[in-house]
Amino acid sequence: MALEKLNGVELPAAADMHVHLRDGDMTKLVIPTIRRGGVNTVFVMPNLVPPITTVHHALDYKERLQALEPNVTFLMSLYLHPNISPETVIEAKQKGVTGIKSYPHGVTTHSDHGVMSYEPFFPVFAEMERQDMVLNLHGELPPSVGEDVTVLNAEEAFLPTLLDLHKRFPKLRIILEHCTSAAALKAVQSCGPTVAATITAHHLFMIVDDWAGDPHCFCKPVAKLPSDRRALLKAVVSGDSKFFFGTDSAPHPATSKRGEKFAAGVFTQPHAVGLVIDALEMGIETGVLTADDVTEEKLANFLSHYGRSFYKVADERNERIILSKPAKPIEEILKTEDGKIEVVPFRRGRMSWDAIWK
Ligand code: DOR
Ligand code: ZN
């Protein structure tokens with residue numbers, strides 16, 4: 001095992017800065033998997049049906065999540081939408097909402113209410129900058145008829161928009177969510193300290209060939225080329241505080257993965273931390289990284305410190321996890337109590353590192 005040295009190593013509990021917790025019975029299934037994955041702080045996505053576009057909705061959702069799991073800190077977000085005005089931003093800040101997430105129209109799950117153009121939102125961004133709120137970007141350009149924009153280059157095609165927003169609002173904290181390409185990492189690095197990026201566990205494993213033909217590996221943005229995967233693995237152990245953990249764990253009922261047009265999203269929550277260690281091992285085994293690249297300090301920074309510090313949230317729970325080498329395979333399927341909803345986890349049947357609470 002390439003990272004045997006990590007067996008028994010203690011780390012601060014992870015902060016997962018991009019999760020989809022859904023609503024109703026699916027939420028009840030997902031919530032207990034947060035801590036199982038070694039995580040005690042999450043930034044929660046607002047793409048419910050209908051999307052969360054009011055502070056009241058965000059706070060009501062938070063209360064329901066908190067009642068189901070008091071031992072996790074839930075950081076909440078709004079869905080960028082014409083309902084949101086500069087006044088909404090002021091109210092959101094006052095009432096403890098952390099960020100606003102932008103989904104370009106039509107690029108992913110529940111993005112039909114998404115943004116067509118950023119310009120009408122400039123007054124909202126200006127207020128967010130004043131209020132020191134976080135703008136979370138799903139960074140893909142929607143496909144446009146006649147143009148060569150596809151799932152393969154939609155992220156790269158979005159990067160000029162990121163750079164333009166950063167230039168217009170230099171003090172606005174912006175996160176380019178779930179980076180999948182070397183070009184995206186480079187663009188984020190070229191920006192000032194107010195721009196950062198999340199990196200998922202699943203994009204550390206996959207390339208195009210993995211999701212082409214496997215609905216359980218299909219997510220947005222899609223995984224790209226081997227060179228992109230190498231760049232992501234290196235970013236995780238780079239020690240650069242612009243890059244931190246956000247799983248983008250996105251559960252879908254197994255039935256929505258079997259339909260003719262299957263849903264985008266990969267479910268990684270129960271093994272959030274373990275999958276990162278598994279991926280780094282794969283990186284070592286394939287010669288992309290060395291075991292010396294993976295240190296306790298870099299893991300603590302990527303998984304816990306850098307995200308909290310960008311979001312300016314204290315590690316109020318001060319909990320620790322212990323890494324334990326793989327003892328059992330990832331479950332084939334998770335089910336709700338009544339058995340009505342089934343979710344297939346990413347890398348089902350494969351061995352994965354455990355995160356045990358100290
Ligand atoms: O793969 C994805 N699934 N990407 C997203 O941006 C949304 C997410 C979901 O909500 O299922
Ligand atoms: Zn997401």
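In which sense do β6 and strand β7 (residues 134–137) pair, and over how many bridges? They pair in the parallel sense, over four bridges; two strands count as paired if DSSP finds at least two bridges between them.

## About the model

This is a predicted model, where local features need pLDDT of at least 70, side-chain atom pairs count only at pLDDT 80 or more, and totals for chains, interfaces and linings use all residues. Residues are numbered from 1 along each chain as its sequence is written, and side-chain values use heavy atoms, without hydrogens and water.

## Around strand β6

Let's start with β6 (residues 99–102). Helices (H or I, at least four residues) and strands (E, at least two) are DSSP runs, numbered from the N terminus. On one side, β6 runs parallel to strand β5 (residues 77–79), joined by three bridges. G99 is the bridge partner of S77 and also of V134 in β7.

G99 and K101 point one way, I100 and S102 the other, and all are buried, meaning under 20% relative accessible area with a 1.4 Å probe, protein chains only. In a regular strand, side chains alternate between the two faces of the sheet.

β5, helix α4 (residues 86–94) and β6 form a right-handed β-α-β unit.

Technical notes. Chains are lettered from A and ligands numbered from 1 in the order in which they are written. Buried means under 20% relative accessible area, exposed over 50%, partly exposed in between (1.4 Å probe, protein chains only). A crossover is right-handed if, with the strands pointing away from the viewer, the path from the first strand over the helix to the second runs clockwise.
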